[in-house]
Amino acid sequence: MALKARKVVVLGYPGVGKSAVTTQYVEGQVPPGYSVTVAHANYRKTVHVRGQDYDLEILDTAGQYETSNLDPVYGLGVDGYIFVFSINSHASFNTIKTINEKVLNLWGTSTVPVVLVGNKVDLDQQFRQVSPEEAREQSMKWGCPFVECSATKNLNVEVIFDKLIEQIEKSSSAG
Ligand code: GDP
Ligand code: MG
(Lines give C-alpha, C1' and ligand atoms only; values in the text may rest on other atoms or scores of the structure.)
(Ligands and ions follow the chains in the order given, each with its own letter.)
Protein backbone atom coordinates (compact mmCIF):
# COMPACT_ATOMS: atom_id res chain seq x y z
CA MET A 1 0.00 0.00 0.00
CA ALA A 2 1.26 3.47 -0.86
CA LEU A 3 2.84 5.52 1.88
CA LYS A 4 0.96 8.77 2.44
CA ALA A 5 3.09 11.82 3.21
CA ARG A 6 1.54 14.18 5.74
CA LYS A 7 2.92 17.29 7.38
CA VAL A 8 1.82 18.65 10.74
CA VAL A 9 2.91 21.68 12.74
CA VAL A 10 3.10 22.00 16.51
CA LEU A 11 2.08 25.44 17.77
CA GLY A 12 1.71 27.00 21.20
CA TYR A 13 3.15 29.35 23.81
CA PRO A 14 6.85 28.85 24.62
CA GLY A 15 7.48 26.33 27.38
CA VAL A 16 4.19 24.42 27.16
CA GLY A 17 5.97 21.24 26.04
CA LYS A 18 5.77 21.29 22.23
CA SER A 19 9.27 19.83 21.89
CA ALA A 20 8.65 17.36 24.72
CA VAL A 21 5.46 16.06 23.05
CA THR A 22 7.22 15.82 19.68
CA THR A 23 10.35 14.06 20.90
CA GLN A 24 8.36 11.72 23.14
CA TYR A 25 6.31 10.70 20.12
CA VAL A 26 9.18 10.43 17.64
CA GLU A 27 12.05 9.24 19.82
CA GLY A 28 10.25 7.72 22.80
CA GLN A 29 11.99 10.06 25.22
CA VAL A 30 12.15 13.63 26.40
CA PRO A 31 15.62 15.16 26.64
CA PRO A 32 16.30 16.14 30.25
CA GLY A 33 16.35 19.81 31.17
CA TYR A 34 15.11 22.80 29.31
CA SER A 35 16.28 23.19 25.75
CA VAL A 36 14.89 26.12 23.82
CA THR A 37 13.92 25.44 20.24
CA VAL A 38 15.69 28.26 18.45
CA ALA A 39 13.74 28.42 15.19
CA HIS A 40 11.99 25.23 14.32
CA ALA A 41 12.97 21.60 14.06
CA ASN A 42 11.80 18.94 11.65
CA TYR A 43 11.05 15.40 12.67
CA ARG A 44 9.94 12.39 10.67
CA LYS A 45 8.23 9.21 11.67
CA THR A 46 6.66 6.39 9.71
CA VAL A 47 3.44 5.41 11.40
CA HIS A 48 0.72 2.87 10.83
CA VAL A 49 -2.77 4.19 11.62
CA ARG A 50 -6.03 2.39 10.84
CA GLY A 51 -4.55 0.23 8.11
CA GLN A 52 -2.59 3.00 6.43
CA ASP A 53 1.13 3.80 6.51
CA TYR A 54 2.10 7.44 6.80
CA ASP A 55 5.35 9.26 6.33
CA LEU A 56 4.66 11.89 8.95
CA GLU A 57 6.68 15.09 9.01
CA ILE A 58 6.39 17.07 12.21
CA LEU A 59 7.48 20.69 12.42
CA ASP A 60 8.18 21.65 16.03
CA THR A 61 8.10 25.44 16.27
CA ALA A 62 9.88 27.84 18.62
CA GLY A 63 6.55 28.97 20.03
CA GLN A 64 4.16 31.85 19.62
CA TYR A 65 3.07 34.72 21.80
CA GLU A 66 -0.33 36.39 21.68
CA THR A 67 1.10 39.17 19.50
CA SER A 68 3.44 37.08 17.30
CA ASN A 69 2.85 37.04 13.58
CA LEU A 70 2.50 33.51 12.34
CA ASP A 71 5.36 32.48 10.07
CA PRO A 72 3.75 31.81 6.64
CA VAL A 73 5.95 28.70 6.47
CA TYR A 74 3.58 27.20 9.03
CA GLY A 75 0.88 27.14 6.37
CA LEU A 76 2.85 25.82 3.40
CA GLY A 77 1.98 22.28 2.44
CA VAL A 78 0.70 21.69 5.94
CA ASP A 79 -2.08 19.16 6.54
CA GLY A 80 -2.88 19.78 10.18
CA TYR A 81 -1.91 21.27 13.52
CA ILE A 82 -1.33 20.37 17.11
CA PHE A 83 -2.25 23.28 19.38
CA VAL A 84 -0.50 22.79 22.71
CA PHE A 85 -1.18 24.61 25.95
CA SER A 86 -0.13 23.70 29.45
CA ILE A 87 -2.87 22.95 32.00
CA ASN A 88 -0.99 25.03 34.59
CA SER A 89 -1.05 28.18 32.47
CA HIS A 90 -4.27 29.91 31.54
CA ALA A 91 -2.24 32.41 29.53
CA SER A 92 -1.00 29.58 27.32
CA PHE A 93 -4.61 28.52 26.77
CA ASN A 94 -5.64 32.03 25.74
CA THR A 95 -2.73 32.18 23.31
CA ILE A 96 -4.11 29.13 21.52
CA LYS A 97 -7.24 31.08 20.63
CA THR A 98 -5.25 33.79 18.87
CA ILE A 99 -3.06 31.16 17.19
CA ASN A 100 -6.22 29.53 15.83
CA GLU A 101 -7.39 32.83 14.34
CA LYS A 102 -4.00 33.35 12.69
CA VAL A 103 -3.97 29.85 11.22
CA LEU A 104 -7.49 30.31 9.83
CA ASN A 105 -6.39 33.61 8.28
CA LEU A 106 -3.41 31.89 6.72
CA TRP A 107 -5.62 29.16 5.24
CA GLY A 108 -8.55 31.43 4.41
CA THR A 109 -10.93 28.77 5.68
CA SER A 110 -13.26 28.43 8.65
CA THR A 111 -11.76 25.20 9.95
CA VAL A 112 -8.46 23.35 9.78
CA PRO A 113 -7.57 19.82 10.92
CA VAL A 114 -6.38 20.28 14.48
CA VAL A 115 -6.08 18.57 17.84
CA LEU A 116 -6.18 20.68 21.00
CA VAL A 117 -3.70 19.42 23.59
CA GLY A 118 -3.49 20.21 27.30
CA ASN A 119 -0.01 19.08 28.36
CA LYS A 120 1.56 18.57 31.81
CA VAL A 121 -1.37 16.72 33.42
CA ASP A 122 1.19 15.04 35.68
CA LEU A 123 1.63 18.29 37.59
CA ASP A 124 0.05 18.42 41.00
CA GLN A 125 -3.60 19.36 40.55
CA GLN A 126 -3.09 22.41 42.76
CA PHE A 127 -1.26 23.99 39.82
CA ARG A 128 -4.09 23.47 37.37
CA GLN A 129 -5.42 26.68 35.78
CA VAL A 130 -7.37 25.24 32.86
CA SER A 131 -10.18 22.80 33.59
CA PRO A 132 -10.88 19.94 31.17
CA GLU A 133 -14.42 21.34 30.85
CA GLU A 134 -13.20 24.73 29.66
CA ALA A 135 -10.82 23.19 27.14
CA ARG A 136 -13.40 20.70 25.91
CA GLU A 137 -15.91 23.50 25.39
CA GLN A 138 -13.34 25.30 23.23
CA SER A 139 -12.57 22.16 21.23
CA MET A 140 -16.29 21.61 20.60
CA LYS A 141 -16.57 25.14 19.18
CA TRP A 142 -13.74 24.27 16.81
CA GLY A 143 -15.09 20.79 16.10
CA CYS A 144 -11.77 19.19 17.01
CA PRO A 145 -10.61 16.55 19.49
CA PHE A 146 -9.20 17.55 22.87
CA VAL A 147 -6.50 15.46 24.57
CA GLU A 148 -4.91 15.94 27.98
CA CYS A 149 -1.41 14.46 28.09
CA SER A 150 1.89 14.35 29.85
CA ALA A 151 4.87 14.39 27.51
CA THR A 152 7.37 13.64 30.26
CA LYS A 153 5.33 10.73 31.67
CA ASN A 154 4.39 9.52 28.18
CA LEU A 155 0.67 9.62 28.92
CA ASN A 156 -1.71 10.03 25.98
CA VAL A 157 0.97 11.22 23.56
CA GLU A 158 0.40 8.74 20.73
CA VAL A 159 -3.35 9.36 20.70
CA ILE A 160 -2.74 13.01 19.78
CA PHE A 161 -1.14 12.03 16.48
CA ASP A 162 -3.66 9.26 15.80
CA LYS A 163 -6.51 11.72 16.23
CA LEU A 164 -4.82 14.35 14.09
CA ILE A 165 -4.34 11.87 11.25
CA GLU A 166 -8.01 10.99 11.61
CA GLN A 167 -8.97 14.67 11.38
CA ILE A 168 -6.79 15.11 8.29
CA GLU A 169 -8.38 12.08 6.61
CA LYS A 170 -11.88 13.34 7.44
CA SER A 171 -11.19 16.79 5.96
CA SER A 172 -9.61 15.42 2.79
CA SER A 173 -12.53 13.05 2.17
CA ALA A 174 -14.98 15.89 2.80
CA GLY A 175 -13.06 18.33 0.60
P1 GDP B 1 8.31 24.09 24.31
O2 GDP B 1 8.95 25.42 24.49
O3 GDP B 1 6.83 24.22 24.14
O4 GDP B 1 8.94 23.26 23.25
O5 GDP B 1 8.48 23.31 25.71
P6 GDP B 1 9.55 22.18 26.07
O7 GDP B 1 9.20 20.89 25.43
O8 GDP B 1 10.94 22.69 25.85
O9 GDP B 1 9.27 22.02 27.64
C10 GDP B 1 9.39 23.15 28.50
C11 GDP B 1 9.62 22.65 29.92
O12 GDP B 1 8.44 21.95 30.35
C13 GDP B 1 10.77 21.67 30.07
O14 GDP B 1 11.41 21.91 31.30
C15 GDP B 1 10.09 20.34 30.05
O16 GDP B 1 10.82 19.35 30.76
C17 GDP B 1 8.77 20.64 30.76
N18 GDP B 1 7.70 19.73 30.35
C19 GDP B 1 7.36 19.38 29.08
N20 GDP B 1 6.35 18.51 29.09
C21 GDP B 1 6.03 18.29 30.39
C22 GDP B 1 5.06 17.48 31.05
O23 GDP B 1 4.27 16.74 30.44
N24 GDP B 1 5.03 17.56 32.42
C25 GDP B 1 5.88 18.34 33.12
N26 GDP B 1 5.77 18.33 34.45
N27 GDP B 1 6.81 19.11 32.53
C28 GDP B 1 6.89 19.08 31.19
MG1 MG C 1 10.52 23.75 21.98
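**Entry 1: a pair across two strands.** I began at Val84 and found it standing opposite Val117 in E5. Strand E4 (residues 80–86) and E5 pair in the parallel sense, over six bridges. For me, two strands pair if DSSP finds at least two bridges between them. Helices (H or I, at least four residues) and strands (E, at least two) are DSSP runs, numbered from the N terminus.

**Entry 2: ground rules.** I'm looking at a predicted model, where local features need pLDDT of at least 70 and side-chain atom pairs count only at pLDDT 80 or more, while totals for chains, interfaces and linings use all residues. Residues are numbered from 1 along each chain as its sequence is written, and chains are lettered from A and ligands numbered from 1 in the order in which they are written.

**Entry 3: the sheet.** I traced an open sheet of six strands in the order E2-E3-E1-E4-E5-E6, with mixed pairing. Strand E2 (40–49) and E6 are at the edges with a single partner strand each, so one side of each has no neighbour in the sheet. From one strand to the next, the twist averages 25°. H1 packs on this sheet, touching strand E1 (4–11), E2, strand E3 (52–61), E4 and E5, and its direction makes about 150° with that of E3. H4 packs on the sheet as well, touching E1, E2, E3, E4, E5 and E6, at about 160° to the direction of E5. Contact here puts C-beta atoms, placed from the backbone, within 7 Å; axes are lines fitted to C-alpha atoms, for helices over the stretch in contact, with angles from 0 to 180 degrees between N-to-C directions.

Entry 4: Buried means 20 or more other C-beta atoms within 10 Å of a residue's own, exposed 12 or fewer, partly exposed in between, with C-beta atoms placed from the backbone.

Entry 5: Which loop holds Lys120? I found it between strand E5 (114–119) and helix H3 (132–142). Lys120 isn't a glycine, yet its phi is positive, about 70°. Lys120 is buried, with 24 other C-beta atoms within 10 Å. Asn154 has a positive phi too, near 55°, and sits in the loop between strand E6 (146–148) and helix H4 (158–174). Asn154 is partly exposed, with 16 other C-beta atoms within 10 Å.

Definitions and conventions. Contact = placed C-beta atoms within 7 Å.
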